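I opened this notebook to keep track of what I look up, one topic at a time.

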Amino acid sequence: MLEADFVIIGSGSAGAAMAYRLSEDGKHSVIVIEYGGTDFGPLIQMPSALSYPLNMSRYDWGYSSEPEPHLGGRVLATPRGKVLGGSSSINGMVYVRGHAHDFDHWAEQGATGWGYADVLPYFKRMEHAKGGEEGWRGTKGPLHIQRGRRKNPLYQAFVEAGKQAGFETTEDYNGSKQEGFGAMEQTIHHGRRWSVANAYLRPALKRGNVRIVNGFARRVVIENQCAVGVEIEARNKIQVVKARREVIVAASSINSPKLLMLSGIGPAAHLRAHGIDVVADRRGVGQNLQDHMELYIQQEATQPITLHSVFNPFCKALIGAEWLLFKTGLGATNHFEAAAFVRSKAGVDYPDIQFHFLPAAVRYDGKAAAKSHGFQAHVGPMRSKSRGAITLRSNDPWAKPEIRFNYMSHPDDWADFRHCIRLTREIFGQSAFDPFRGQEISPGKHVDTDEQLDTFIREHSESAYHPCGTCRMGRADDPTSVVDPECRVIGVDGLRVADSSIFPRVTNGNLNGPSIMTGEKAADHILGRTPLAPSNQEPWINPHWQVSDR
Ligand SMILES: Cc1cc2nc3c(=O)[nH]c(=O)nc-3n(C[C@H](O)[C@H](O)[C@H](O)COP(=O)(O)OP(=O)(O)OC[C@H]3O[C@@H](n4cnc5c(N)ncnc54)[C@H](O)[C@@H]3O)c2cc1C
């Protein structure tokens, strides 16, 4: 029987966490509908293979943006995981909670009960952190988090350079103090990618009250303004998975709004234009799309100590063999082992720029590696004011949605990005890098004036793959909200959305952590439990924030 108490669409970061928590006490049955297939094999499980799955139609939905008007009409890849574990199975495994003030801002925007004090206990519940700040981190949860070994001296050079430039250092950016330079955290455990499939789904499936149904969700079935199931297509057959209590959409910031619209929930005129009967006129569905953008600032290295030495088939085979046999070596890390969160200027009270440091000069998707030894920082502003939208291309559930980010559409974005490039040059120019620094590869020192930097940004900025916000959570009486603070879709009973699409605003860092937290907290709302008691821990805020950027 395709029937359960709770039917979740999507086994990704939020969906898997919900499946785990909703089934925990054994009282409820859960079906997770997932279109993607198995996550078995080294391309997913071996951390250093991270650039492969996002280029593979087997694991990725294959979406891309419409031509972006402010980026010279460029079409940008918008990867989303289509595999057990969703995007957590194809992501970069960087672990960041976000800044405390991000969540306070959510609460201010109408997501009551999602302030930092409220979400911190959920981050602690989900984490099994090794090496974090005492008292601030969870150590018993399903999500294993570690730091890399930082054996390459370039990682130390990066942190030291930040210090030399006068910036803060931090022992744990996921603890009390996000601001500063320090070790990056990874969702890797015993040398394997610690996706939500490994952390949450596999343990939940052992309980016997959770099932995965492999199929493509076409729409939510709604009768008399109440969700009663999900129409799926599996092996060329259309059938309905019935929900005795609730349907929960956790299909990602791209597919969740698409599914709502196909089910009649969205801007009425847009739905009618596609011949879809309107169930609930919610103009916020698909709107408020936001993302992080980043640039790679690449520098030649004068010593042969970078990953360039292993970018050849022979070394890759050796690394793969060691990983297959022992789960150790260069295959067992994502190589993002140092990071920084800094503020762009005086008057900004918490970090709005993120750095990922890599001891190699290579594109994230692995497509273009520099011809020589090099290192790079991925850098980008964290709170762009640009907003875009997801809309339907047609009422055919198989049609890809139209994705318009409107990247760089706000004038502040340009000044912010120029500053990011100049700041990275300042960091790489510190004496800590003297033993290693060669010529700048990219943008190259000839790219210097505002106009030259703008051209570089227009041609080379990339998505950091953090789209969110398209089913915004907010007050139930706010006409732009899609879900209320208990993740209930406004205007339809028995239906919730809980994933990265409900974020009111993008958080300061990568989004796997906050997406899992969303699933964790939503599960308590769905079960009608009293939320975990709020924390009274106060985050560190730089005492000089009003007068200095460091
Ligand atoms: C290439 C890449 C790199 C990233 N790197 C990092 C990183 O290093 N660190 C980090 O924190 N974050 C990173 N992110 C972002 C992070 O992984 C995502 O923001 C997060 O996983 C989103 O979680 P979610 O629950 O919203 O959706 P997802 O995890 O995407 O889950 C959605 C699930 O729903 C399924 N689904 C969708 N539609 C249907 C349908 N119609 N029928 C059936 N199933 C459906 C999908 O197949 C998928 O399994 C990265 C993302 C990508 C794509």
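**Pockets**

I looked up the lining of the second largest pocket first, and its residues divide into eight nonpolar, 11 polar and six charged. In this count Ala, Val, Leu, Ile, Met, Phe, Trp, Tyr, Cys and Pro are nonpolar, Asp, Glu, Lys and Arg are charged, and the others, Gly among them, are polar. I note that this is a predicted model, in which local features need pLDDT of at least 70 and side-chain atom pairs count only at pLDDT 80 or more, while totals for chains, interfaces and linings use all residues. Residues are numbered from 1 along each chain as its sequence is written, and side-chain values use heavy atoms, with hydrogens and water left out.

This pocket has a volume of about 460 Å³, and of its 25 lining residues R149, G329, L330, T333 and E337 lie nearest its centre. A pocket here is an open set of points on a 1 Å grid over the protein atoms alone, with protein on both sides within 12 Å along at least five of seven lines, whereas a cavity is a set where a 1.4 Å probe fits but cannot get out; lining residues have an atom within 4 Å of a point. Points are joined across faces, edges and corners, and a volume is the space filled by probe spheres set on them.

For the largest pocket I found a volume of about 660 Å³ and a lining of 28 residues, with S48, S51, Y52, F311 and K316 nearest the centre. Helix α9 gives the most to this lining, with four residues.

**Helices α4 and α12**

I then looked up how the axes of α4 (residues 116-126) and α12 (residues 512-527) lie: they come within 9 Å and cross at roughly 100°. The two helices are therefore roughly perpendicular to each other, a term for angles of 65 to 115 degrees. Helices are DSSP runs (H or I, at least four residues), numbered from the N terminus. Among the residues that meet are Y122 and F123 in α4 and I516 and M517 in α12, where contact means heavy atoms within 4.5 Å.

Terms used. Axes fitted to C-alpha atoms, helices over the stretch in contact; angles between N-to-C directions. Parallel < 35°, antiparallel > 145°, perpendicular 65-115°, else oblique.
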